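Please examine the sequence and the three-dimensional structure shown below. The paragraphs that follow lead through the covalent link in the chain and then through its overall build.

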Amino acid sequence: MNSTTVPRPRPLPLAAMTLAALTLATLLGACSLGRDDRSADITQAAADIALRDAMTASARAVQGADLKADARWFTCPGGIGSRYSGGGVMTSPPGDRADQLAAIRDAVLAAGFQDATQVDGYVTAQRDDVDVSIRFRLPDGSWTFSVLTRCHTYGGKDRARVKSSDRHVILP
């Protein structure tokens, strides 16, 4: 019988293992694997209030009208946890959109948000773990708003709530 040499797998270099460990830690840190202490009701209320506050502050700043907003629960990427997400729309009178965006940014920050992004033509602000983004939409000449929470895991009655895809009206 001939003996054949079977190549052994080479161990990963330390740098590759460290990178893999950091990547895994980052991914797991983005979602909570245990049950969250915060209820789904509190998460939803925080997002609804944040979006309502951002939209009404923006409307006052640029004489906006016809505010409409809603949101619903979604499953997080990878299926770990749920997040509450939605958006809204507002019309405003004609004017310099850059000036209006600056007025909206100032109004939202004055309403208790922190500036999260400095990108031309776009405002992203945060309050607690809720992100609100605002931009002008050229096709119909409206301002659009989006709201997004972090991923949370829920059990019990909260689990049934977040598994529902019911739309929640925030502003009529």
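Which residues does a disulfide join? The bond runs from Cys 76 to Cys 151, with an S to S distance of 2.1 Å; a disulfide here is a pair of cysteine sulfur atoms within 2.5 Å. A search of the whole structure finds one such link. The pair connects distant parts of the chain, 75 residues apart. Cys 76 lies in the loop between strand E1 (65–75) and strand E2 (82–91), whereas Cys 151 lies in the loop between strand E6 (142–149) and helix H4 (156–163). The link of Cys 76 and Cys 151 is left-handed, with -125° about the S-S bond. Both Cys 76 and Cys 151 are buried, a term that denotes under 20% relative accessible area (1.4 Å probe, protein chains only).

The model is predicted: local features need pLDDT of at least 70 and side-chain atom pairs pLDDT 80 or more, while totals for chains, interfaces and linings use all residues. Residues are numbered from 1 along each chain as its sequence is written, and side-chain values use heavy atoms, without hydrogens and water.

The chain as a whole contains four helices and seven strands, taken as DSSP runs (helices H or I, at least four residues; strands E, at least two) and numbered from the N terminus. Along the sequence, the pattern is α-α-β-β-α-β-β-β-β-α-β. Of the 172 residues in the chain, 35% are buried. Where contacts (heavy atoms within 4.5 Å) join residues at least 6 apart in sequence, 61% link residues at least 24 apart.

Methods:
Buried < 20%, exposed > 50% of the residue type's maximum accessible area, 1.4 Å probe, protein only.
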